[in-house]
Amino acid sequence: MTQSSPLRQLVPAPAVPLDRAQLAEQLLRLGRAPCAPPFAPEVVAFFGELSRRLFQSEAARQWPEIQALAFFLRKASLQRLNSEFRAKPGARAPRGTVFHVPPGNVETLFCFGFALAALAGNRNLVRVSPRRSAVSDVLVSVLNDALAADGSGLRERTLMLEYEHQPELTLALSQACDVRVLWGGDETVRTLRQVSLPPRAIELTFPDRLSYAAFATERLLSATDAELANVAEQLFNDAYWFDQRACSSPRALLLCGTPEGVDPAAERLLAALASVTARRAYRTSTDAALAKRLYAERLAVGGEVTRVFWPSNEVVGLSVQSLAALRHHEHCGRGLFLLVRLRQLAELADLVHPSDQTLAHYGFGAAELIELAGSVQGRGLDRIVPLGKALELSHLWDGYDLLESFTRVRDVRTDEPARAELAASARS
Amino acid sequence: MSLSELLERGPYGVPQAEKERLLLARLNQLTARHRAGCPEYARLLEAFRDAGPIAGSAAEATSLSGVPHVSVGLFKSHRLTSVPEADVFKTMTSSGTTGQAVSQIVLDRDTAQLQTLALAKIMTHLLGPQRLPMLIVDTPGVLRDRKRFSARGAGILGMMSFGRQHCYLLDDEMKLDRQRLTAFLERYGAEPFLIFGFTFMVWQYLYGGVEDGELNLSQATLVHSGGWKKLIEQAVDRQEYRRRLATRLGIRRVHDFYGMVEQVGSVHLEGEDGFLYPPSFADVIVRDIATWREAKLGEPGVIQVLSALPESYPGHAILTEDLGVVHGIDDSSCGRFGKRFSVIGRVPRAELRGCSDTHAQSRASA
């Protein structure tokens, strides 16, 4: 069964269908384009320009998720990335061609991964799901406009294809790459990993991850209305983008403090959050509201949920006996939070699981957080960040330093003993 | 006792205010009974106690909309019973399309008898006290495979006790068996008879199997049930359906009904005016989709159904996944007391963006 499902090239423009022969041709062409040195000035300039376009585009402006990407790609941010990169020991070169399979739930990630790999000097092959959304459409459009105006050679090093998953396509693209990046959770990783890679290629995988936010209840109770409104805004940004379905979206709220303070703190926080959702016109559909209700009922019937808070359809809180409920039941998202009570933040160390990714925190001192990070020791929680920063993009992700992963370390020495390293000129 | 009063007064003979009083007393009794007999239900009530209008009140309700209600989907994941296993007479299940979870409804003898009695009240009110000769727009095979006892089979089995000389109109390939139909009409067509079938099947296979004026089914009372989705897709609405059945087949008594396996016996039958009516021992509440309070007349919302019958499982107040609207109360043009409502259809499914799309095809919409 060949030629069964359509394949379209999306980037660079124009969007054209490709048959298998044309695909093979495109892959060959891509492979022949030379890599750039890491953080080549023209490439850095391109992304700065892309950032500018994303900030200016009217279509892009309505999406805070896209604005977050634009923020990450702005000149000052890239300069900082560049400095950090240069400070790494050893000479660095791009790996070659990076094949990205981004997730369906966080539509900006395909651009994020592409940008980091391109800044590292690589060629990029990106799969885009045919299940398109407004966000990915806007990104593709702005990206194509920026590439059309670009003279850095990046256009020749970029190919983005839209297709339904098919083993033979995955294989063809995998055989052409030096790095394969699989986002999309356990299912995607399990399925696509079975497709073989060339021996020289490495693989980065992003399996199912869970995230949550922790609050010092004393601070929630003593906060002024204005302070609480700000906390609720930060929580909104962390939780409601991507309908709470990103792996960094907090799905549980850990309330740390005395037992008597927990419920009042929860009520206060959830009510404030409901105000924010109303103000930002975030609406939960009827079927989502019914789904949340059924989810709550199922957990209540089993004794796992002891109390339901329902200030509005958009904000539902379920008091649970333990964090375990988060792991066992598929969370329906769109504004549903499991409420876990702890006496102290330190108790979290015993509850952490390797699939836990991000802890967003509010109201704790630095010492407490550092102690927690120390006692967790890589058993999970690769990201411990302030509330409001859960979805912030970073090259440090899920235990990877992506700029490291996208480059090779080289050991190049001359006879001169004084020279410890040479600047790497990478022509792969 | 309020239940027997409701059953004796005739399915549409109780004005709403009085009905609510009687029904409320009975429903409060049932809530207490299920709370005592079903630990899972008790836990649910406890967890939802302060949740507001979405839950109803944990203490005794003072109005029908305050009676605590559960989601219809809960019966698909949990087998809830308020009686000891020894008293379980039958567990009804209902499967829709393959792959869907199955509801489990636990009946003791009393509840099963109440359901049969209740349905009989409704149907004899419509059809008269005698069993009528009955056409079934389905295949004999629908009842054969008891393991996969479908919603279709359950509906037919329930209705069969109101008919006699049951005649299945479709062969195993779902084609109309014209010989059987003409033979039936020759014997019984001159006197009142009953036709039962699923809404779409009646259209597709009976209506679709004959020509205009070919056959005379004017003595028929058609009772049908089931979704309108496929018909709406063909631009056939309720009025069009009736009009065409009348034109082609001479059928003038057409009655849709709204019911579910989670509340068997509490069937909401269509009146001559085209609206649905709850019987005296059941009711509907339409809830506003934002506030979950009872919606105003004429305003659409999610349908919640109430029934005085379920004694063995906590199904006396159920929130469905259907949208509907109540048009009026005690103002029927066909002499029925109670609420006058219609069903709009299933709550639309918003597309959920998952992180993976490695399935070959996304789930087809139901």
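**Figure 1. The salt bridge between chain B and chain A.** Across the interface of chain B and chain A in this predicted model, the rule finds one salt bridge. Its partners are B:Asp50 and A:Arg307, whose side chains meet with an N to O distance of 3.8 Å.

**Figure 2. Elements on the side of chain B that touches chain A.** Two or more residues are given to this side by each of helix H3 (39-47), strand S1 (70-71), helix H4 (74-77) and strand S13 (317-329) of chain B. Of these, H3(B) gives the most, with five residues. When the residues on the side of chain B that touches chain A are sorted by class, 20 are nonpolar, 12 are polar and 10 are charged.

**Figure 3. The extent of the contact between the two chains.** Chain B brings 42 residues to the contact and chain A brings 39 residues, and the area buried between chain B and chain A is about 3400 Å², with carbon and sulfur atoms giving 54% of it. Between the two chains, the count of residue pairs in polar contact, with both residues at pLDDT 80 or more, is nine.

**Figure 4. The largest nonpolar core and another core apart from it.** The largest nonpolar core holds 75 residues, and those with the most contacts inside it are A:Tyr212, A:Leu254, A:Val308, A:Leu318 and A:Leu348 from chain A, together with B:Phe48 from chain B. Helix H13 of chain A, which spans residues 286-301, gives the most to this core, with eight residues. Another core, of 59 residues, lies apart from the largest one and includes A:Val106, A:Ala117, A:Val181 and A:Phe406.

Notes. Residues numbered from 1 in each chain as written. Chains lettered and ligands numbered in written order. Predicted model: local features only at pLDDT ≥ 70, side-chain atom pairs only at ≥ 80, totals over all residues. Heavy atoms only, no water. Contact = heavy atoms within 4.5 Å. Buried area = accessible area lost by both parts, 1.4 Å probe. Salt bridge = Lys/Arg side-chain N within 4 Å of Asp/Glu carboxyl O. Polar contact = N/O pair within 3.5 Å; in protein donor to acceptor, adjacent residues only side chain to side chain. Helix = DSSP H or I, 4+ residues; strand = E, 2+ residues; numbered from the N terminus. Nonpolar A, V, L, I, M, F, W, Y, C, P; charged D, E, K, R; others polar. Core = buried A, V, L, I, M, F, W, Y, C linked by side-chain atoms within 4.5 Å. Buried < 20%, exposed > 50% of the residue type's maximum accessible area, 1.4 Å probe, protein only.
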